[in-house]
Amino acid sequence: MNTDRVLEDLRELARLTGGPDGARRVCWTDEWTRAREFLRSRLDELPVDISVDAAGNLWADLAGEQDGFVIVGSHVDSVPAGGWLDGALGAFAAVEAVRTQSAAGKPPVGLRLVDWADEEGARFGRSLFGSSACSGTLDVDGVRDLRDRDGERLEDVVARYDVELARAHESSAQLRGACAYLELHIEQGPVLESRGEPAATVLGTCGVERHVGVFTGQTAHAGATPMGLRRDSFAAAAQAALAIREVGFRHDGVCTVGGATSEPGVVTAVAGRTEMLLDQRHLNPAKLGAMLAEAREACEQAAVDHGCEIELRHLWSIPPIPFDDRLIALGRQAVADSGGKDTAIPSGPLHDAAEMARLIPTVMIFSSSSPPVSHTKEEDTPEDDLRVAIEAYGRTVGAALAGAAAGELPPRA
Ligand SMILES: [Zn+2]
């Protein structure tokens, strides 16, 4: 891999579609089209066939010696004031992987690049649009009437980009013959930075449980109601929140009470009702289940202690999606051979790779994030870390192509 070329492409993309507030490649906008045109300009230099599928995903195919193909890619779309690397790093490292393989002649099996449409869901709130259409999990009727801030419907907007929503599932035909899916991405969090490591292999995406805890007590006068005679819903939620924090530590997962709102919410009243937002994530399904059970117990205990009722309402959940053991082993070797350590970590954020992992052997490589933030213009990664991650990704692609040619990763029927 020529890491200089990847960094040049990323800087050029940032120049074309970034500004003082950061990247603005929101999917289904002119700026996104500009980002795609730049991606196409790079692909046009290579011996690939370019097409756009029924869900708006862009594909570039490099033919191989044998049947079957390995998929490389990510997304060029961003959040409205995003960073220069989220998605773009994986997309342009994938371009370089195709460049490298095509320069060496025909790869042993095909190599296909994909740029997924609307990974971020920044305009309509539905992330992973293109990859979920491809994997078959997109609920077309559930997204048709989603509206953006100006009131425009998703179905009408995507139609302007030649996506007929009712036919988006036809994208799944793209996976016929797929042997593996490989994606490079920034970590978007502090784990690698805190360990001083440039890159790592990803074990899978964490399962998520989202709930809202509704504590109901009794609104009462703040002056007239003695401490021992209160049914304080806010105190119950606060006690539960601190106990849930310990649940996260205990299981080596993450538990976040991201907010709480109380009613009536005035300084002279005990809060009669408090809604508390809860997000829990773990890669291990049994531990995720245990974390949820313990959070429920913590809420029930807090309700009893403060004379309140508790209802835990389910908002959304997704099971953990583990990546492929064979590809994880290839990734770990590749990171170690590229100047990193033999490290593998779970991903808290979801990625297009999670949709692919449902159907085909999948793995991701993470680069560090430093500062460890994303979805902001401050997002960055030291250049040396990017080079290790890009190199590791290229080696993983080479190993997966060889594995596919050897019949270890049979093409999907
Ligand atoms: Zn991303």
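The model is a predicted one, so please read every distance and angle below as computed from predicted coordinates.

Let us begin with the zinc ion. Three side chains coordinate the metal, H75 and H185 through NE2 and D86 through OD, at 2.0 to 2.2 Å. Along the chain these donors follow the spacing H-x10-D-x98-H. H75 sits in the loop between β3 (66–74) and α3 (88–103), while H185 belongs to strand β5 (residues 178–186), so this pair ties together parts that are 110 residues apart in sequence. Are the two histidines buried or exposed? H75 has a relative accessible area of 0% and is buried; H185, at 2%, counts as buried too.

Across the whole structure, a search finds seven aromatic pairs. One of them joins F38 and F92 in a tilted arrangement, with 5.5 Å from centre to centre and 35° between the planes. Because F38 lies in helix α2 (residues 30–43) and F92 in helix α3, the pair ties together parts that are 54 residues apart in sequence. F38 is buried at a relative accessible area of 7%, and F92 is buried at 0%. W116 and Y181 form another tilted pair, at 6.1 Å centre to centre and 55° between the planes. Here the link runs from the loop between β4 (109–115) and α4 (129–135), which holds W116, to strand β5, which holds Y181, 65 residues apart. W116 is buried, with 0% relative accessibility, and Y181 is likewise buried at 0%. Ring pairs also link W28, W32, F129 and Y161 into a cluster.

Leaving aside neighbours within four places in sequence, T205 is in contact with L283, P320, I321, F323, S347, P349, L350, H351 and A354.

Now for the charged side chains. Side chains of opposite charge can pair when their charged atoms come close. The whole structure contains 34 salt bridges. One of them brings R144 and E155 together, at 3.2 Å from N to O. R144 is in the loop between α5 (140–143) and α6 (154–159) and E155 is in helix α6, so the pair ties together parts 11 residues apart in sequence. E155 is partly exposed at 22% relative accessibility. A further salt bridge joins D156 and R153, at 2.9 Å from N to O. Its two partners fall into separate classes: D156 is partly exposed at 37%, whereas R153 counts as buried at 18%, because the cut-off for buried is under 20% relative accessible area.

Elsewhere, R5, D9, R42, E45, E96 and R99 are linked in a network of salt bridges.

W316 lies in strand β12 (residues 309–318) and counts as partly exposed at 34% relative accessibility.

Methods:
Residues are numbered from 1 along each chain as its sequence is written. This is a predicted model: local features need pLDDT of at least 70, side-chain atom pairs count only at pLDDT 80 or more; totals for chains, interfaces and linings use all residues. Side-chain values use heavy atoms; hydrogens and water are left out. Helices (H or I, at least four residues) and strands (E, at least two) are DSSP runs, numbered from the N terminus. Buried means under 20% relative accessible area, exposed over 50%, partly exposed in between (1.4 Å probe, protein chains only). Donors are N, O and S atoms within 2.8 Å of the metal (3.2 Å for Na, K and Ca); water is not among the atoms, so sites may look incomplete. A salt bridge is a side-chain nitrogen of Lys or Arg within 4 Å of a carboxyl oxygen of Asp or Glu. Contact means heavy atoms within 4.5 Å. Rings of Phe, Tyr and Trp (its six-membered ring) pair if their centres lie within 6.5 Å; planes under 30 degrees apart count as stacked, over 60 as edge-to-face and the rest as tilted.
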